[in-house]
Amino acid sequence: QMHLVESGGGLVQPGGSLRLSCTASGWNLAPYAIGWFRQAPGKVREGVECISSGGTSRTDGTYAQSRFTISRDNAKNTVYLQMDDLKPEDTALYFCAKDRNIYSSDYVLPFCNPRDYDSWGQGTQVTVSS
């Protein structure tokens, strides 16, 4: 069964940074676009940023932030989310997931929407508080 494992979350003060990692367990994520998503308490799950399989195209979700950067290293079977200048409103459970379909490596994803993704991990908690 294909699933993803997130790590790197934690408690950080406002203005701090975290780098989240998303690793495929027992399968190769290279052919798939991968997305980062978040779910704040009492809110629906929403997209942060998604990246094409080749890493050349990035698509913003509804919670896209210029302070966040998605990247991937297919040789390490890992996708990252660098989060800088964190704010209390960034507090949420962060998930990664793979696209349900396989596209060419440079395909420009039209959306970064949770409905298009599967193989969700358990999430990693990010808490921004002083």
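Are C22 and C96 buried or exposed? Both C22 and C96 are buried, where buried means under 20% relative accessible area, with exposed over 50% and partly exposed in between (1.4 Å probe, protein chains only).

This is a predicted model, in which local features need pLDDT of at least 70, side-chain atom pairs count only at pLDDT 80 or more, and totals for chains, interfaces and linings use all residues. Residues are numbered from 1 along each chain as its sequence is written, and side-chain values use heavy atoms, with hydrogens and water left out.

The chain has zero helices and eleven strands; helices (H or I, at least four residues) and strands (E, at least two) are DSSP runs, numbered from the N terminus. Of its 130 residues, 47% count as buried. Along the principal axes, the C-alpha trace spans about 45 × 30 × 25 Å.

Two disulfides are counted, a disulfide being a pair of cysteine sulfur atoms within 2.5 Å.

| Disulfide | S to S distance |
|---|---|
| C22 and C96 | 2.1 Å |
| C50 and C112 | 2.1 Å |

The link of C22 and C96 is right-handed, with 85 degrees about the S-S bond. C22 lies in strand 3 (residues 18-24) and C96 in strand 9 (residues 92-99), so this pair ties together parts that are 74 residues apart in sequence.

The link of C50 and C112 is right-handed, with 70 degrees about the S-S bond. C50 lies in strand 5 (residues 46-51) and C112 in the loop between strand 9 and strand 10 (117-118), so the pair ties together parts that are 62 residues apart in sequence. C50 counts as buried at 0% relative accessibility, and C112 counts as buried at 6%.
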